[in-house]
Amino acid sequence: MAEDLVIIGSGPAGLAAAVEAARAGVKVTVVDENASPGGQLFKQIHKFFGSEEHQAGIRGIDIGYRLLEECHLAKVKVMLNTAAWGIFHSSGNATTVAIKNKNDSLCSLDTKVVLLATGARENPLAFPGWTLPGVMGAGAAQTLINLHRIRPGNRVLMIGSGNVGLIVSYQLKQAGADIAAVIDIKPEIGGWGVHAAKLTRTGIPILCSHKIIEVRGLDKVEEAHVARVDREAKSIPGSEKLFKVDTVCIAVGLSPMAELAWSGGCRFAYLPELGGHVPVHNRSMETTRNNIYIAGDISGIEEASTAMEEGKIAGISIARSLGLLKNECAEELIRNKEKNLSALRGGPMGKTRKLAKEKLIRLFNIC
Amino acid sequence: MKKSAQAVIIGGGIIGCAAAYYLAKEIDDVILIEKKCIAGESSGANYGMVWQQTRQDGYDLAAARRSLEIYPQLCREVFDLDIEYEEKGGMTLFFTDLQAEAAKGYVEYKNSLGVPVRLLSGKETRSLEPALSSRVTGSLFCAEEAQLNPFYTTLAFARAAQKEGATIYQGVEVLSINLDRGAVCSISTSEGKIFTNHVINAAGSWAGTVGAMVGLKVPVFPHRLQSLVTEQIPKLLTRTIQGSRIARTSEEAAKTFQYAYDTTGGNRPCINQQPPAECIIESSLFYAKPTVNGNIVLGTACDFAGYNRETSYEALAVIAHMAKMIIPRLKDVNIIRSWANFDPWTADGIPIVGETGVKGFFIAAGHGTGMSHAPATGEALAGLITGSAAAIPLGEANINRFTGYREEC
Amino acid sequence: MLMNNKPVTICRCEEVGNKTIEQAIDDGARTVDAVKRATRAGMGLCQGRTCQSLVAALISCKTGQPLANLVPSTSRPPFRPVRLESLAEVGAKLLLEKEADKI
Amino acid sequence: MKNLITAGFLGREELMRLPGVPAIEALKAKKSLAFIECGEEIPCDPCRSACPRGAITVSPDVTSLPALNTDLCNGCGTCLAACPGMAIFLVDIGYSETEALVSIPYEYLPLPEVGDTGNALDRSGKAIGKAVIVKVKCPESYDRTAIITIKVLKDISLEARHIDI
């Protein structure tokens, strides 16, 4: 028996979409390879930004609980410990989602519509010593402290001053680690000033125009060598600094996790502002491949708050495409969510993403 | 980009690269043009078998045997890259006594053609490959067969060709082949025009597209083969093995080796002969190739799906099923990837090699068995173009065997 | 993306270093896929999920190609390793269904 | 905001330009006032709805910088816990002849106790004098962001923004 909608990923985008679609009467199944739903939300122990309609001031973890409650009320089926390992075009218009559960047994779900809400992965950074134990993604460190309650180390060097680098540094400090420094190869801090200021006032230096030269240690991280760089990002001789640390976190950006969209034959565009190669989509969040929708970081790296708004748009659009929502009704709902998105992408900091997103939709119309 | 050449080869697969090497040894200004990258299609995604037991009598077998002679010498004297060539013998498994019975006649026939293939019992087979299950009731084994790394071999030919002075352009597409009074005079590419009097169509599954540029119907079709690859594991198999179809009736068993007998029965295949609309599962043939790195490549499910490169859920599952039945110890191994490649297919299973009715336009395509044929084909083609003596007769591989190939397309 | 001239591992699964990849680029590899075929970078258990962006950056750096042109190598399932036996069970079931169809 | 984006903290001049930071005169006139050290136009406005007296405006857009009406602000501190950026402080410059109080949003455990002493740190994290904890508030409505109040010498009250215990 075919499903109406299979959503891959139970993060903020996937769950928000599930709730909207299920409320409209769509039979929704959400699959997620993790043991608990919520994606990154349950790692976000800080209060969210935005406005009241974006649940501003509430901690990500609590937004996660609210979403789960809504899913429960809307009778969304969530399959955990379930990894989608492929999507295949089956006969007719249906799509087969191949899944495996925790015991590694396999089965498949035939569905009319697929929503890919697979999120993002952390970008790697290669330097001598990056394969030593103790070097890890900032997101991985955040998972360790906030989900598993394990502190990865006692003294940390953070590479990258985007919001992820700044927030994870703060949370590592909350977990009791010393942050030796946050470094960034660019001359300016990548993340928001308020996140930076929270660190600097506790004495954590944020060193712009600095890069990692090498990490050394016998069988784990023992020291990190850092140097100041000139305008061409070349290290300046004599500017080397040595940090005695046991952990080095890498926070040099995220990329959309889009293999399923690639294999599904979706068209992509390269927009570095959104994290690289991103599936082209229209304002309903549908890709160039019929019945494959996307929402959240896979459609361009942004925040959880925008991911939820995009998820809602996708959920509403899918309900409309399945004939469960009247067009006028769907349009009004979508316009409302678009207004929220527009507010979240406002101001000089949001403008780049706003323009990139608009470009993506324009490209869809050319495809 | 160069403005002229004595010969231009279209296609950077194993056939094109081998042809480039042998031609460049004889003449100056050989250019090879490849739309994607060297070994970017089937030549980078096959089992790397250099076999003779399954080749048909005539050009097919002659080319395979000649290649088996040449490869060791190329490895010693020419290639600057280890192509992982190993003469470990080839093995075709069967699973019922009926198949073993049917194979007896096949062995006699092949021996009469000089192919040193022999029949092994189940026990003898397992003494060579202990990982095989007791379902394997016997095999055909030919010691004078080899396996190689198809990607490295193609690359080695490409490098050898460059050393002999050939120029290779990757990422360049051929847009048209221009004729002057019925003879090739130039080609237009995405990077410019090249004047030449010799063009070799070595475009594999895309040979039809290239043929159409000079008004020829070249009946080569993409045969989609799907494969799986495992994670790296400790050594389980010594050599590449092939499983015959699993037969349940005597009728099926008799058909099992039919593909390897001369199937055309002397009839000329027709240009309009379209590939059969096969069901994946019924035409799956089992292959397992142990790679030097410890991965095992498993296949294959075959079908005709145009140029659709996607793999199918059903096909992957059936390959895994065959693998588990034949090599039970694979059951706990992880599958990390699948792929599909387009094996060039012709109606009689024999490639198309030689001249055409268009002066200066040659074909070397349709090799479902490129690794077994490449050195011999390259050598023979170079001989044909430069007018030197042929090591093997090309006659029956000519496109003329297809009736109607010069009809307007 | 590379920080200095010391050798650095790029593909951790297959233990391929930057020098090997740079050599492949010098030898004519111009795409992530071509580098993969030439060096095995991206052929391991993680299937290039970590190293592909590093390989793309190396190609871009050495050849001047824009990153926009350097797409990941072809994506093919399984996107998470699956046990062969589990997949085989699906195959056995499908074949049985096929048989049933015939009757 | 050069200093903010290169060094990670607001410089004195950058700070004084912000519409959420009261002028010295207003500070002297009132007992206690909010210091909204929010210097970038990011989409955020919980401070506005948190203020029971309507002293904070974020307009025309949600990305506009918050502005403080010093006439309406009575230094209740509700906005401190509401600010997701933890960028609002409370300064009571007239606590005594020589001392001032600074209230700081604080999320490290264990929470300090009244009477604890340590170094007052400025926005760059530099120790600038002694500080004593005089109040620790963490009601449920603050949602796990505590507000700690430190007592410092008056002349560092515009700089002290953290305590190192």
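User: How many residue pairs are in polar contact between chain D and chain A?

Analyst: A polar contact is a pair of N or O atoms within 3.5 Å; within protein, one must be able to donate a hydrogen and the other to accept it, and residues adjacent in sequence count only if both atoms are side-chain atoms. Between chain D and chain A the count is 20 residue pairs, both at pLDDT 80 or more. This is a predicted model, in which local features need pLDDT of at least 70 and side-chain atom pairs count only at pLDDT 80 or more, while totals for chains, interfaces and linings use all residues. Residues are numbered from 1 along each chain as its sequence is written, chains are lettered from A and ligands numbered from 1 in the order in which they are written, and side-chain values use heavy atoms, with hydrogens and water left out.

User: Which helices of chain D supply residues to the side that touches chain A?

Analyst: Helices (H or I, at least four residues) and strands (E, at least two) are DSSP runs, numbered from the N terminus. In chain D, α1 (2-7), α4 (46-50) and α5 (78-82) each supply at least two residues to that side. The most comes from α1(D), with four residues.

User: How many salt bridges cross the interface of chain D and chain A?

Analyst: A salt bridge is a side-chain nitrogen of Lys or Arg within 4 Å of a carboxyl oxygen of Asp or Glu. The rule finds three across this interface. One of them joins A:Arg59 to D:Glu107, at 3.0 Å from N to O.

User: How much area do chain D and chain A bury between them?

Analyst: Buried area is the accessible area (1.4 Å probe) that two parts lose on being put together, summed over both. Here that is about 3000 Å², with 53% of it on carbon and sulfur atoms. On the chain D side, D:Pro43, D:Pro84 and D:Tyr108 lose the most area to chain A, together 20% of what that side buries. As for contact (heavy atoms within 4.5 Å), 38 residues of chain D and 34 residues of chain A take part.

User: Let's turn to single residues. Is D:Gly39 buried or exposed?

Analyst: Buried means under 20% relative accessible area, exposed over 50%, and partly exposed in between (1.4 Å probe, protein chains only). D:Gly39 counts as buried because its relative accessible area is 13%. You will find D:Gly39 in the loop between β1 (33-36) and α4 of chain D. Leaving out residues up to four places away in sequence, D:Gly39 touches D:Met1, D:Leu18 and D:Leu65.

User: Which domains does chain B have?

Analyst: Domain bounds come from an automatic or database domain assignment. For chain B the assignment gives domain 1 (7-47 + 151-220 + 349-408) and domain 2 (90-143 + 221-345). Between these two domains, 20 residues of domain 1 are in contact with 24 residues of domain 2, and the buried area is about 1900 Å². B:Tyr47, B:Ser205 and B:Thr403 supply 37% of the area that domain 1 buries against domain 2, more than any other three residues. The count between the domains is one salt bridge; B:Glu41 and B:Arg309 form a salt bridge with their closest N and O atoms 2.8 Å apart.
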